[in-house]
Amino acid sequence: MTETLLPPTPSDDAGAPAKRLFIKTYGCQMNVYDSERMADVLRPLGYAATDTAEDADFVILNTCHIREKAAEKVYSELGKLRELKDARATVSRTMTIAVAGCVAQAEGEEIMRRQPAVDLVVGPQAYHQLPELPTRTARARGERIGADFAPNEKFDALPAARGVEGFTAFLTVQEGCDKFCTFCVVPYTRGAEWSRPVAAVLAEARELADKGVREVTLLGQNVNAYNGEGPDGSPSTLAKLAYALAEIPGIDRIRYTTSHPNDMSDDLIAAHGALEALMPWLHLPVQSGSDRILRAMNRKHGRQKYLDLIDRIRAARPDIALSGDFIVGFPGETEADFEQTMDLVRRVTYASAFAFMYSPRPGTPAATMAGQVPEATARERLHALQALLFEQQAAFNASRAGMTIPVLLEKPGRFGAQATGRSPWLQPVHVEDAAPLIGQIVPVRIESGGFKSLGGRLLQQKGV
């Protein structure tokens, strides 16, 4: 789980005192996108972002429900906000507190029961209602929950203009999941798979390009299951969408996440070899290397199918870097099952990956399965897997040293005229004497490859 804060933005009306908005984001990139869009829908009401809850008139916690501790962290944060809200009330200042995202969808009534200071609960498909919900709350305290699934209504209602900072942006193209993995709450909190029409995605991408965005990351719970309506009325694929996006002037780089192995189609694999704008980086979760555990997880693919798929992808794009997700300590997992996961990791070799200890989520089939693995055993396995993954990540980064690669410079670095950007494989790259070129894609000679980032210099110093 990650936490991000919405950056401060100026008020649209410089002559009026801005109402202050604070959004704290937990979890995945889709939540980051949703937080940006929440700020967009509230901006016309005069809300400008602040970076502290203490300054805010409206506080939103945009939550993640993937892991149990993530939900409990939200309740802990709400306790602190209640104290802040009570303190403001003593000086006749109000604070509206909203809980959004997947915890809101799954535990709406429970949130209101456990923390009466919460004014609004808004599910992931209802945050377009944020401008009207405070008014409803003022009129009738009973209308504080908006959590129905209607993703098409949400996107139709969002303002066309997006607040954009920087040269990269997330772009949601697909929501929901039909896979029903036994450990996962996403089908219950985000609903069934649904894809935005191609025209809507392209329109948003053009607006981003007009605002200086050079790289877009397409988001979806199962993004490669994308089948949005195309120009001729027939379903499009993610590969076709990527080709269309690459035609937009200014959009030079395209990424997508998160993918499911069963939706890795032939045309998408081919696109990785043929479409220059499609970056050579792929996040393709497998979760386990054991066929027995994969069946218990209801992943609907086996170990060999995943390995064969990796071979096909690498044949299409030999320089592709792979990322993955792993769960250790799933109910019933034995040492032999875990060793199968370690063996798969050694065979694939990942440039980066996320490994988690299984955490039961209420309402999911796995939560009541027999054979729950003791925490100490699961933690020992997690440490072993992470050590292997970290070793592979360090080796991949070190292998970039001596290469000349294109880097999208995104922001100033920490030292002098240094600039920081991203490699085609998503690694942070610190580039010396490059600050005047921020916003450009430049050739960089990589001089060092550390565990977390690369270091390099401009291939050509002209104009710097």
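User: Where is the kink in H3 centred?

Analyst: H3 has a kink of about 85°, centred on glycine 108; the bend at a residue is the angle between axes fitted to the seven residues ending there and the seven starting there. This is a predicted model, in which local features need pLDDT of at least 70, side-chain atom pairs count only at pLDDT 80 or more, and totals for chains, interfaces and linings use all residues. Residues are numbered from 1 along each chain as its sequence is written, and side-chain values use heavy atoms, with hydrogens and water left out.

User: Which residues of H3 are buried?

Analyst: They are Cys102, Val103, Ala104, Gln105, Glu107, Gly108, Ile111 and Met112, where buried means under 20% relative accessible area (1.4 Å probe, protein chains only).

User: Changing topic: in what order do the barrel strands close?

Analyst: Five strands close in the order S16-S17-S18-S20-S19, with mixed pairing. Strands are DSSP runs of E with at least two residues, and helices are runs of H or I with at least four, numbered from the N terminus. Two strands pair if DSSP finds at least two bridges between them.

User: How many bridges join S16 to S19?

Analyst: Five bridges join S16 (residues 404-412) to S19 (residues 441-449), and these strands run antiparallel. Proline 406 stands opposite proline 443 in S19.

User: And which residue is the bridge partner of leucine 408 in S17?

Analyst: That partner is arginine 422. In the hairpin of S16 and S17, glycine 416 takes a positive phi near 50°.

User: S18 and S20: parallel or antiparallel?

Analyst: S18 (residues 428-432) and S20 (residues 454-458) pair in the parallel sense over four bridges.

Terms used
Buried < 20%, exposed > 50% of the residue type's maximum accessible area, 1.4 Å probe, protein only.
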